[in-house]
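Hi everyone, thanks for coming along. Please have the structure open on your screens while I talk.

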Amino acid sequence: MPHGVPEPEPAPQQPGEDSHTVRLRADLRTEDGAVVVSPVGELDYDSVALLRTQLHEAIGQARERVVVDCHGLSFCDSTGLNLLLNTRAEAERAHLTLVLAGLQSSVARVFELTGAQTVFDIRADLGSALAR
């Protein structure tokens, strides 16, 4: 940069980001009457804050259903599973349905090992989660 010209400020760090890598991103949108949250990356202790924020916002916006489109989620540890369990309970208190869609095999395995698949509405893909 020329002398006297200030350097641009770096983009603000988002919840769940560290200064080295972004391990999780999450998109929030409305589709076919449902609020859809699409996490992409690894869901663990270091990245859970971002998804927690998006899920809380989704519950606040939803009228009937919140769908978590997990097809881009490559990893989920116990922290992520706990977040999803708490979100399910929060959705129930708000008289909403929480649906998980498109779990990758590594993420589905965590649900199977813990028995969590028995308490969630899990669909094969986003299309089936959005179908009424």
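I'll go through a strand, a helix and then the packing of side chains. One thing to keep in mind is that this is a predicted model.

Let's begin with strand β3, residues 65-69. Is this strand enclosed or open? Five of its five residues are buried, so β3 is largely enclosed by the rest of the structure. You can check this on both faces: Arg-65, Val-67 and Asp-69 are buried on one side, and Val-66 and Val-68 are buried on the other.

Now, which strands pair with β3? One is β2, residues 34-43, which pairs with β3 in the parallel sense over three bridges. The other one I'd like to show you is β5, residues 97-101, which also runs parallel to β3 and is joined to it by five bridges.

Next comes helix α1, residues 48-61. Its 14 residues reach 20 Å from the first C-alpha to the last, close to the 20 Å expected at 1.5 Å a residue. Which of its residues are buried? They are Val-48, Leu-50, Leu-51, Gln-54, Leu-55, Ala-58 and Ile-59. Looking down the axis of α1, you'll see these buried residues fall within an arc of 165°, so they line one face of the helix. As a reminder from class, an α-helix has 3.6 residues a turn, so residues three or four places apart point the same way. On the face of α1 turned away from the buried side sit the exposed residues His-56 and Gly-60. And what covers the buried residues? The cover includes β1, β2, β3 and α2.

Let's move on to the cores. The largest nonpolar core has 30 residues, and Leu-51 and Phe-111 touch the most other members. Helix α1 gives this core its largest share, six residues. A second, separate core has eight residues, including our friends Val-36, Val-67 and Val-99, along with Leu-126.

Finally, back to Phe-111, which is buried, with a relative accessible area of 1%. Among the residues Phe-111 touches are Leu-81, Leu-100 and Phe-120. How many aromatic pairs turn up in the whole structure? A search finds one. In that pair, the rings of Phe-111 and Phe-120 have centres 5.5 Å apart and planes at 70°, so the pair is edge-to-face. Phe-120 counts as buried too, at 8% relative accessibility.

How values were computed: Residues are numbered from 1 along each chain as its sequence is written. This is a predicted model: local features need pLDDT of at least 70, side-chain atom pairs count only at pLDDT 80 or more; totals for chains, interfaces and linings use all residues. Side-chain values use heavy atoms; hydrogens and water are left out. Buried means under 20% relative accessible area, exposed over 50%, partly exposed in between (1.4 Å probe, protein chains only). Helices (H or I, at least four residues) and strands (E, at least two) are DSSP runs, numbered from the N terminus. Two strands pair if DSSP finds at least two bridges between them. The expected span of a helix is 1.5 Å times one less than its number of residues. The arc is that of the directions from the helix axis to the C-beta atoms. Contact means heavy atoms within 4.5 Å. Rings of Phe, Tyr and Trp (its six-membered ring) pair if their centres lie within 6.5 Å; planes under 30 degrees apart count as stacked, over 60 as edge-to-face and the rest as tilted. A nonpolar core is a set of buried Ala, Val, Leu, Ile, Met, Phe, Trp, Tyr and Cys residues joined through side-chain atoms within 4.5 Å.
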